[in-house]
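Open your viewer and keep the selection tool ready. We will go stop by stop.

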Amino acid sequence: MTRQEPGGIAQMNGQTRKYAHFILGWLCIALGMVGVVLPVMPTTVFVILAAFFFAKGSPRLRAKLLNHPYFGPQIRNWEETGAIPRNIKVLSITMMLTSFVPTLLLRISWPWLALQATLIVLGALYIVTRPDS
């Protein structure tokens, strides 16, 4: 009996991997556009992810993102420094804490409260440990 390798993007052939990255890039763009309309959904994070996926799925689309007047500088800044501007840190953490209020008001059961609180704390810790730009 032969040993089978685990699946995933790493196991795909080159063309399939390229299409997977291309599709993931467009999915991130779509999620980012939802964030333009819904204030609880981030936009920039998904555009940065799209640039990451387009690097392997569509270099032409990645170049378009890097040349975008609004998102281009943010993508380059993240890729070069991993920095998050201080005002964005404050806004992000404030929005995360604000999103916890409806959960409290709806009297969601404690395991879900604990899960949400844990994810908020982990997200906030990641944000505050990034350098300021």
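Which residues does T103 touch, not counting residues up to four places away in sequence? Select T103 and show its contacts: I108, L113 and Q116. Keep in mind that this is a predicted model. T103 is found in helix α5. T103 counts as buried because its relative accessibility is 13%, and the cut-off for buried is under 20%.

**Stop two: helix α6**

Select residues 110-129 to see all of α6. This helix has 20 residues. From its first C-alpha to its last, α6 reaches 28 Å, close to the 28 Å expected at 1.5 Å a residue.

**Stop three: the salt bridges**

How many salt bridges does a search of the whole structure find? The search finds three.

Start with E79 and R62. Their side chains meet in a salt bridge, at 2.9 Å from N to O. This pair links distant parts of the chain, 17 residues apart. E79 is in helix α4, residues 71-81, and R62 is in helix α3, residues 59-66. Show the surface over both partners. R62 is buried, because its relative accessible area is 18%. E79 is partly exposed, because its relative accessibility is 40%.

Next, select R86 and D132. Their side chains meet in a salt bridge, with N to O at 2.4 Å. R86 lies in helix α5 and D132 in the segment after α6, so the pair ties together parts that are 46 residues apart in sequence. Is R86 buried or exposed? R86 is exposed, because its relative accessible area is 57%. D132 counts as partly exposed, because its relative accessibility is 33%.

D132 forms a salt bridge with K89, and the closest N and O atoms are 2.6 Å apart. This pair also links distant parts of the chain: K89 in helix α5 and D132 in the segment after α6, 43 residues apart. K89 counts as buried, because its relative accessibility is 8%. Now display R86, K89 and D132 together. Salt bridges that share partners join these three residues into one network.

**Last stop: a nonpolar surface patch**

Clear the selection and switch to a surface view. Select M33, V34, V36, V37, L38, V40, I88, L91 and M95. They make a nonpolar surface patch of about 820 Å². Which elements give two or more residues to the nonpolar patch? They are α1, residues 14-37, and α5, residues 86-105. Of these, α1 gives the most to the nonpolar patch, with four residues.

Finish on L38. Look for L38 in the loop between α1 and α2, the latter being residues 44-57. L38 is partly exposed, because its relative accessible area is 42%.

Note on methods. Residues numbered from 1 in each chain as written. Predicted model: local features only at pLDDT ≥ 70, side-chain atom pairs only at ≥ 80, totals over all residues. Heavy atoms only, no water. Patch = residues over 30% accessible without salt bridge, like charges linked within 9 Å, V, L, I, M, F, W, Y side chains within 5 Å. Areas by Shrake-Rupley, 256 points an atom, 1.4 Å probe, with all protein chains shown as cover. Salt bridge = Lys/Arg side-chain N within 4 Å of Asp/Glu carboxyl O. Buried < 20%, exposed > 50% of the residue type's maximum accessible area, 1.4 Å probe, protein only. Contact = heavy atoms within 4.5 Å. Expected span 1.5 Å × (residues − 1).
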